[in-house]
Amino acid sequence: MRCVDTSDPKAPTHVGKLIETAVVSKGSSCSAMLDEARKLLFIAGGLGMVVLDVSDPTNAVELQTGIDPGVYSKDGGGFVALGPSGKHVFACGGLGLSVYETVMSNKALEKIRKRRRKLTE
């Protein structure tokens with residue numbers, strides 16, 4: 001995964017580093033869903049799901065990796081969607097549907113971001 005700056009649509013540029021998510025398998029589909037309110041990006045593929053903090057798009061950071069919702073298949077890929085309240089994530093794949101409650105509070109997320117900023121100063 002890599003962020004792209006599209007402020008100039010005629011000359012999009014890569015920003016930040018390439019992140020190997022290890023959730024997308026060759027030949028299968030994948031999807032990404034942005035929780036815009038909390039600046040989290042969920043990426044789903046045939047090998048699982050990953051959650052990235054994209055509050056600073058030039059320095060996206062993995063918050064949670066290796067999530068196995070039990071519904072994705074290597075050949076079928078995975079899809080992810082945010083529920084209307086923002087409190088649930090829906091994972092759908094060749095093996096069914098699972099629903100997760102997003103339990104990280106905004107306060108906990110901000111604490112993680114502050115600690116990360118201190119480490120990079």
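Q: What makes the radius of gyration of the protein agree with a compact globule?
A: With 121 residues, a compact globule would have a radius of gyration near 14 Å, and this predicted model has 15 Å, which agrees. Along its principal axes, the C-alpha trace spans about 45 × 35 × 25 Å.

Q: Which elements does the protein have, and in what order do they run?
A: There are 9 strands and 1 helix. From the N terminus on, the order is β-β-β-β-β-β-β-β-β-α.

Q: How do you know that S3 and S4 pair?
A: Pairing asks for at least two bridges between two strands. Here 6 bridges join S3 to S4 (residues 40–45), so the two count as paired, and they run antiparallel. Leu34, for instance, stands opposite Leu41 in S4.

Q: Why is the sheet with the order S3-S4-S5-S6 called open?
A: Its 4 strands pair antiparallel in that order. Strand S3 (30–35) and strand S6 (61–67) stand at the edges with a single partner strand each, so one side of each is left without a neighbour in the sheet. Neighbouring strands of this sheet are turned by 15° against each other on average, direction ignored.

Q: What makes the contact between Asp35 and Arg38 a salt bridge?
A: The cut-off is 4 Å between a side-chain nitrogen of Arg and a carboxyl oxygen of Asp. Their side chains meet at 3.0 Å, N to O, so the pair qualifies. A search of the whole structure finds 1 salt bridge.

Q: Are Asp35 and Arg38 buried or exposed?
A: Both are buried, which means that each has under 20% relative accessible area. Of the 121 residues of the protein, 35% count as buried.

Definitions and conventions. Residues are numbered from 1 along each chain as its sequence is written. This is a predicted model: local features need pLDDT of at least 70, side-chain atom pairs count only at pLDDT 80 or more; totals for chains, interfaces and linings use all residues. Side-chain values use heavy atoms; hydrogens and water are left out. Buried means under 20% relative accessible area, exposed over 50%, partly exposed in between (1.4 Å probe, protein chains only). Axes are lines fitted to C-alpha atoms, for helices over the stretch in contact, and angles run from 0 to 180 degrees between N-to-C directions. The radius of gyration is taken over C-alpha atoms; the globule rule is 2.2 Å times the number of residues to the power 0.38.
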